[in-house]
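Please look over the sequence and structure before reading on.

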Amino acid sequence: MLAKSLFALDGQRWRDMRSKLAPTFTTGKIKIMVPHMAEVGQNWLKFLSKNVSDEAVDLKELAVTYTADAIGSCVFGVNYNAFENPNNTFMTMGRRLVGYDFKRGMKAICVIFFPEVVKFFKFEWFDRSLVDFFCNLLKEMMDSRKKSGQTRKDFLQLMIELKEKGSVASDNAEDEKESKELGGFEDSQLSSGKFDFSDVDLYSQAIGFFVAGFENSSTQISLACLELAVESELQHRAQAEIDQVLKEHDGKLTAEALKKMVYLESIVQETLRKYPPAGGLVRSCTKNYLIPGSNVRLEKGTTVMIPSYSLQNDPKYFPDPERFDPERFCNEDAHHKLQFLYTPFGDGPRHCIGMRFSHLLIKTGLASILSKFEILPCKETVYPPKIDPIRMPLSSVGGVQVKLQERKVN
Ligand code: HEM
């Protein structure tokens with residue numbers, strides 16, 4: 001089933017799928033989902049206000065609940081409020097879907113380095129029962145929208161549009177431009193005729209998006225909070241910006257408000273630099289290639305790993321790399337100078353299609369918690385975090401233990 005998700009496709013079908021999904025990931029399309037994220041952020045704050053104490057909390061665990069609920073709402077169109085109902089089936093199944101153990105670790109190694117073994121043994125990445133649960137849920141949501149005639153501003157609706165019309169329309173020239181950047185190909189590179197997007201294609205994409213966003217985004221939120229707990233000056237600068245922007249937007253966390261939180265954006269970028277979830281990028285040589293200026297010859301079919309984590313933590317490119325310094329990204333053209341060195345979302349035609357969505361998801365989570373809480377280090381805090389050497393995506397051993405204190409904001 002998940003062989004049909006964008007991650008797993010290649011060749012012509014990947015090109016066609018990428019170009020059709022690209023219009024659903026533009027800023028214009030994603031910003032209509034910010035209210036769903038902000039609603040989950042509010043649920044998070046309500047839960048914390050009722051439960052905050054003098055004890056340490058695991059922010060990674062809390063962030064997982066936030067991202068699961070937010071992705072559930074934006075991608076599947078469901079809102080379970082996992083803060084109040086932590087054992088709801090969506091959350092339980094979601095945890096199993098992204099859970100990691102020795103068996104999964106070995107499978108991941110095989111997928112990257114021995115794809116022939118995976119094909120030969122027909123490895124199933126996920127249990128059938130898990131996949132069935134998510135497919136049935138999506139089917140139910142689609143049937144209920146069809147029956148009631150109601151629509152909702154979310155990914156599910158955009159994918160229903162793709163299924164019914166064969167494409168998702170761009171809203172304006174800017175939307176069209178972004179869509180091309182995300183998945184633009186010449187017409188001659190794409191299949192002609194109506195794009196076939198079956199129910200199974202739709203389920204595969206939705207489940208793939210959940211898996212992609214759940215772990216990565218919650219890790220980024222929790223590690224950003226850890227850095228801010230340790231560097232209180234940076235935290236207060238971020239809070240001053242959030243307070244000011246919220247004041248100008250009637251206290252509402254909208255897409256426009258998030259855009260104005262430029263220092264918070266630098267914090268997100270610096271967290272992604274220090275802790276890139278993927279660790280590295282994988283590519284396969286499509287032809288024999290001699291690395292210029294060397295005698296290293298790569299044979300066609302060789303798997304190459306681009307070490308994002310090492311490059312982004314190399315003092316040659318990022319002086320004093322252990323220092324958490326959002327200033328590195330405060331300058332507008334910092335990105336241009338860093339091409340190919342800063343790749344938390346990958347690079348080239350296969351870069352992360354969900355990059356804009358993740359930025360908004362992470363920023364909404366951070367802006368929510370920082371607007372109402374002070375994050376403090378405590379005796380359980382481990383800093384620097386101990387990165388799990390065998391887990392993929394990147395994760396800190398023992399979560400992120402900190403203390404929360406309600407802020408007094410005027
Ligand atoms: C902090 C959050 C995230 C990070 C750091 C991240 C990072 C990445 C990276 C490194 C890749 C491989 C890129 C390459 O090889 O050049 C990737 C691919 C991908 N990501 Fe993400 N991702 C994140 C969140 C998301 C979310 C939320 C979604 C969906 C809603 C998503 C959807 C995808 C898809 C579909 C691909 C495969 C693209 C293709 O092969 O064409 N990601 N991501």
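Predicted model: local features only at pLDDT ≥ 70, side-chain atom pairs only at ≥ 80, totals over all residues.

The iron atom of the ligand has a single protein donor, Cys352. In total, 27 residues surround the ligand.

**Iron**
- The SG atom of Cys352 is 2.3 Å from the iron atom of the ligand.
- Cys352 sits in the loop between α16 (334–337) and α17 (355–372).

**Shell around the ligand**
- The closest residues are Trp14, Arg18, Arg283, Arg350 and Cys352.
- At least two shell residues come from each of α1 (11–21), α11 (199–230), β2 (281–284) and α17.
- Helix α11 gives the largest share, with six residues.
- By class, the shell holds 15 nonpolar, eight polar and four charged residues.

- A side-chain N or O atom of Trp14 is 2.8 Å from an oxygen atom of the ligand.
- For Arg350, a side-chain N or O atom is also 2.8 Å from a ligand oxygen.
- Asp347 uses its backbone: a polar atom there lies 3.1 Å from an oxygen atom of the ligand.

**Ser19**
- Ser19 belongs to helix α1.
- Is Ser19 buried or exposed? Its relative accessible area is 16%, under the 20% cut-off, so Ser19 counts as buried.
- The Ser19 side chain reaches the backbone oxygen of Asp16 at 3.2 Å.
- Leaving aside residues up to four places away in sequence, Ser19 touches Gly183, Phe185 and Leu190.

Note on methods
Residues numbered from 1 in each chain as written. Heavy atoms only, no water. Donors = N, O, S within 2.8 Å, 3.2 Å for Na, K, Ca; no water. Helix = DSSP H or I, 4+ residues; strand = E, 2+ residues; numbered from the N terminus. Near = heavy atom within 4 Å. Polar contact = N/O pair within 3.5 Å; in protein donor to acceptor, adjacent residues only side chain to side chain. Nonpolar A, V, L, I, M, F, W, Y, C, P; charged D, E, K, R; others polar. Buried < 20%, exposed > 50% of the residue type's maximum accessible area, 1.4 Å probe, protein only. Contact = heavy atoms within 4.5 Å.
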